Amino acid sequence: MSYVDEVFDLVVAKNPAQPEFHQAVKEVLESLRVVIEAEEEKYRKDALLERLVTPERQLIFRVPWVDDKGQVQVNNGYRVQFNSAIGPYKGGLRLHPSVNLGIIKFLGFEQIFKNSLTGLPIGGGKGGSDFDPKGKSDREVMAFCQSFINELYKYIGANTDVPAGDIGTGAREIGYMYGQYKRLTGLYEGVLTGKGLSYGGSLARTEATGYGLLYLTEEMLKCNGRDIKNKVIAVSGAGNVAIYAIQKAKQLGAKPVTCSDSTGWIYDPAGIDVDLLKEVKEVKRARLTEYAAARPSAEYHEGKGVWSVACDIALPCATQNELDLEDAKMLVANRCFAVAEGANMPTTMEATEYLQQNKVLFCPGKASNAGGVATSALEMSQNSERLSWTFKEVDSKLKEIMVNIFHNLDDAAKKYNMKGNYVAGANIAGFLKVAEAMTAQGIV
Ligand code: NDP
C-alpha cells in the first residue's frame, strides 16, 4: 500500500466519527500524492505525514456560565494547536451548536496550509465551542466568553497561540475575551486578532476575508482571460465573509444577486443592497426576511437554493459542505464558469470534482479565504510595533498577498503538471513550506 493510503487509513482508524476531519485530510493527501511518492522513503522514515495529521496539542475543557434566569449552563470548549512549524498557532474560534472536536480538527488542519500560503510566519490552530450566541443577551455572551477565557488563557499568548474570530465570534465576542485575558494576565498584548480599533485592532480586518476573496477571484479570472466586470455573482451566507465579498464585488463592477442565512435565502436581481444587508445582519442581528421586507426588488425563499440561480461566478461564504453535487450540476447547467470558496470547505469533494471536470475555475478556501488570517497576521505585526497602519496600507498589502497566493498555487499546479488544478496547487504549495520547516526542526 502506498504511504499516502496507509496514513489516510490510519487517520480514519485513530479518529473515529470525525467525517469532516477525514474529508479534509483526504483532499489534502490526494493532492500531495505526486509530491510524496517522489520521495516516499524519506517522508515515511521521518513519519512526516503521521506528524502532519496529528495535532501537536488538543484541549477540551468545560465552560460553565450562568444565564439570565440564574440557571447554570455548561458548554464544551476546544482549542486544537495543530502545527507550529512555521510560526505561532493562528486560527479562529467558532461558536456554533454544531461544533465538536472533529470540526475543529478539520478547520485546524486546513489552517496549516492556508497560513503557509499567505507567506507569513503563522502556524495552524483552531478552536471554539458548541455555545450558540444566537438569541443570547449581551450579558450571557459576556458570561460565556469570560468563562471560556478563564481556561483558555493558560494556553495562548502573543508568541504562542493567537486566536481570532470565525462563525459566531465577531467583534463583540473578541472584545469580551480580550478584556478577560487582560484581567487574568495583566498583559496588554496582541493575543487575539479581530480586536476593536480602539484597543489594538487593525483597519480592514473586518473586510479582509471578503475583500481578499474578490482580489484572488479577480486575479484568477484575469489569468484565464476573463474580466470580473458585469459578471453576475451568486453568494451564500450573510455573515462577515459574505457581506464584504458582496461589497467588494460591487466595487469591482460585478453584480452579486444572492445571499443566505441558516433559514432562507434572498434573490435580488437588482443587485444586493449592502447597506441594507449590514443593517439587518450586523446591527439588528435579524433574519433575511427583514431584508426582503425593505427591498421591493428582492425575493425571499425558505431553505437552501442560492445555487439554483443563474450566475457567472459562485462564492460559497456560509459553512462547510453547503455546495453539493446537485448544486454543482445546477451551476454548470447555468454556465457558471468560476467558483471561489469564501467559507472553509463549503464544496463537497464530489461537487469539486464535477466542477473541475466541467472546466469550471475552482479555487479552494484555504487559498481564496486566506485574506482574513493574513490581515490578522498584519494586526499582530502592528501590535508588536505599537503602530496602526492606515486602511489603504493594510488593504494594499492584503491585495498583494492575495495576488501572490494565486500565483503561488498556479505555479505549483503547473510545476507538477496539473495546470489549472488550483486545489492541488494550494495543497502542494502550502505543504512544501511546512514540510521543509518540520524536517529542518528534527523529530519534534
Ligand atoms: P458568520 O457567523 O459571520 O456568518 C456565517 C453565515 O453563514 C451566516 O449568514 C449564517 O447564518 C450562515 N451559516 C452558518 N452556519 C450555517 C449552517 N450550518 N447552515 C446554513 N447557513 C449557515 O461567519 P463568517 O462569515 O465569519 O464565516 C463564514 C465561513 O467563512 C466559515 O466557514 C468560516 O470558517 C469561514 N472563514 C471566515 C473567516 C473570517 O475572517 N471571518 C476567515 C476565513 C474563513 P445565520 O445568520 O442564520 O447564522
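**View A. Salt bridge between Arg79 and Asp161 in the predicted model.** The closest N and O atoms of Arg79 and Asp161 are 2.6 Å apart. The pair joins distant parts of the chain, with Arg79 in strand E2 (residues 72-83) and Asp161 in strand E5 (residues 161-164), 82 residues apart. Arg79 is buried, at a relative accessible area of 0%, and Asp161 is buried with a value of 0%.

**View B. Salt bridge between Glu110 and Lys366.** Here the closest N and O atoms are 3.3 Å apart. Glu110 belongs to helix H5 and Lys366 to helix H14, 256 residues apart. Relative accessible area is 4% for Glu110, which is buried, and 1% for Lys366, also buried.

**View D. Helix H16 (residues 391-415) and its packing.** The helix has 25 residues and reaches 36 Å from first to last C-alpha, close to the 36 Å expected. Among its buried residues are Leu398, Ile401, Met402, Ile405, Phe406 and Leu409. An α-helix has 3.6 residues a turn, so residues three or four places apart point the same way. The buried residues of H16 pack against helices H5, H8, H14, H15 and H17. Asn417, which follows H16, has a positive phi near 55 degrees.

**View E. A network of salt bridges.** Asp5, Lys26, Glu30, Arg33 and Glu37 are linked in this network. The structure counts 25 salt bridges.

Conventions: Residues numbered from 1 in each chain as written. Predicted model: local features only at pLDDT ≥ 70, side-chain atom pairs only at ≥ 80, totals over all residues. Heavy atoms only, no water. Helix = DSSP H or I, 4+ residues; strand = E, 2+ residues; numbered from the N terminus. Expected span 1.5 Å × (residues − 1). Buried < 20%, exposed > 50% of the residue type's maximum accessible area, 1.4 Å probe, protein only. Contact = heavy atoms within 4.5 Å. Salt bridge = Lys/Arg side-chain N within 4 Å of Asp/Glu carboxyl O.
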